[in-house]
Amino acid sequence: MRADGKRAKGLTAIEQAIPFIMPKRVDAQNYVTEYIDEEVIKAYIRDVHRERGIRLSRMAVVIAAYYMAALKHPYVNRFVVNSRVYDRNHFCVSFVMLKNRADGTPDETTIKVFMEPGDDVFSINRRINALISENSRPVHMNRTDKFAAFMFSLPFLPHLVMAVVRFLDRRGLLPRSIIDLSPFHTSMFITNLASINTTHIYHHIYEFGTTSVFLSMGKSIPNYLSGNLKDKLMPLSVVMDERICTGHDYALFNKTLRQFLAAPWLLEQRTAEKDAVSEDEEEAEAALL
C-alpha cells in the first residue's frame, strides 16, 4: 500500500508481466494525436460567457473532459512504480505556467490541480483560475518553488535529496506530503502550447514520479475535411504509458474523451452523476458518426 494508491487487482498474467519486461516508461511510451473540432468548443465557451458571464478556458474544458472520461474508465488513472501497477486513490493534473519575476523577466512555475467529487467544468475552471492568479504574483513562490530553491541551495543537496526520494518512492514509503508537492506524481501532465502559438508536440512522460499520460494542446490547424478552411481543429497529442492498461482500454477511454469534447455541455453535469449513460451522451456519440 502506497500513500497515493494501492496495488491493482484482477490483472491478467501478461498485464502483470509487461512492467517487468518494460521496466521504464521510456520503454512503454505510445503516441497518438486526436483532432478536436475547435469550433464546437469555441461556440460553447462563447455561449457560456454570453449567457452566464463565465469565462471558460480551452484548457479547463479539455481537463474537465479528460477527468470525466477517466471517471468512466478509471484504469487510465493507474501508474507503475518498481514494475508494479497501482490504482491511484485521487485525481490530479499538473501543468507549467508562465509568470514574471519581480524584475520583469519571464519565469515558470508548476501548478497541480486536484479534482474533487462533484466537480463539473465550472468548478474545475474556478480552481484552475484561482491557482493561476495566486501563482502569477511576481513575489509569490508556491511550495514546489520553495522546495526546489531549498534543494539547490547547497551543491550536495540535489543528488542526496533525489536519491532519498527515489529510494522511498520505489518502496512505497514516500509521504503523501511529498507526493502532493511533486508535479511529477500526477494523473496527467498537460501543456497548452497554443498559448505561445506553438504546434503540438509529443512530450515524454517522466521516469521519475507516477505520470502515466502527457497531453499537449497545439495551435489550431485548418479543418480540410469540412470544406471551409476557416473551421479549425485543435490537435491534442497524447503520450501514454501502455503498461497501465490494454490498448482496447485506451481506445474506449479516447472514444469517451472525444464524446465529451464533441458535446462540452455534458461537462456541466456533476461528476457524481457520471455513472449512468445519459441521453445527451448517446446524442454526442451519434454526432461523432
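"Buried" here means that a residue has under 20% relative accessible area. Keep that in mind for the close-ups below, which all come from a predicted model.

**Figure 1. The whole chain in a few numbers.**
Of its 289 residues, 48% are buried. Now take the contacts in the chain with a separation of 6 or more: residues 24 or more positions apart account for 71% of them.

**Figure 2**

**Figure 3. The partners of β8.**
Strands of a sheet pair through backbone hydrogen bonds, and they can do so either parallel or antiparallel. β8 gives you both kinds to look at. Strand β7 (residues 188-192) runs parallel to β8, and 4 bridges join the two. To spot one of these pairs, look for Thr 191, whose bridge partner in β8 is Ser 216. Strand β10 (residues 232-241) runs antiparallel to β8, with 5 bridges between them. Here, find Leu 215 and you'll see Val 238 of β10 standing opposite.

**Figure 4. A three-stranded open sheet.**
In which order do the strands of this open sheet come? Reading across, the order of the 3 strands is β1-β4-β3, and the pairing is antiparallel. β1 (5-7) and β3 (78-81) are the edge strands, each pairing on one side only. Ignoring direction, neighbouring strands of the sheet are turned by 40° against each other on average. Zoom in on β1 and strand β4 (residues 84-88), and you'll find an antiparallel pairing over 3 bridges. Within this pair, Arg 7 has Tyr 86 of β4 as its bridge partner.

**Figure 5. Helix α3 against helix α8.**
Two packed helices are described by the angle between their axes and the distance between the axes. For helix α3 (residues 58-72) and helix α8 (residues 247-262), the axes come within 9 Å and cross at roughly 135°. That angle is why α3 counts as oblique to α8. The crossing itself is right-handed. On the α3 side, the contact is made by Val 61, Val 62, Ala 65, Tyr 66, Met 68, Ala 69, Ala 70 and Lys 72. From α8 come Phe 253, Thr 256, Leu 257, Phe 260 and Leu 261. Sorted by class, the contact between α3 and α8 has 11 nonpolar, 1 polar and 1 charged residues.

**Figure 6. Helix α3 again, this time against helix α4.**
Which helix packs against α3 at an angle of about 125°? That's helix α4 (residues 121-135), and the axes of α3 and α4 are 9 Å apart. With that angle, α3 is therefore oblique to α4. The crossing of α3 and α4 is right-handed. Look for Ala 60, Val 61, Ile 63, Ala 64, Tyr 67 and Met 68 in α3, which meet Val 121, Ile 124, Asn 125 and Ile 128 in α4. By class, this contact has 9 nonpolar residues, 1 polar residue and no charged ones.

Definitions and conventions
Residues numbered from 1 in each chain as written. Predicted model: local features only at pLDDT ≥ 70, side-chain atom pairs only at ≥ 80, totals over all residues. Heavy atoms only, no water. Axes fitted to C-alpha atoms, helices over the stretch in contact; angles between N-to-C directions. Parallel < 35°, antiparallel > 145°, perpendicular 65-115°, else oblique. Left-handed = near helix turned anticlockwise from the far one by under 90°. Contact = heavy atoms within 4.5 Å. Nonpolar A, V, L, I, M, F, W, Y, C, P; charged D, E, K, R; others polar. Pairing = 2+ DSSP bridges. Buried < 20%, exposed > 50% of the residue type's maximum accessible area, 1.4 Å probe, protein only.
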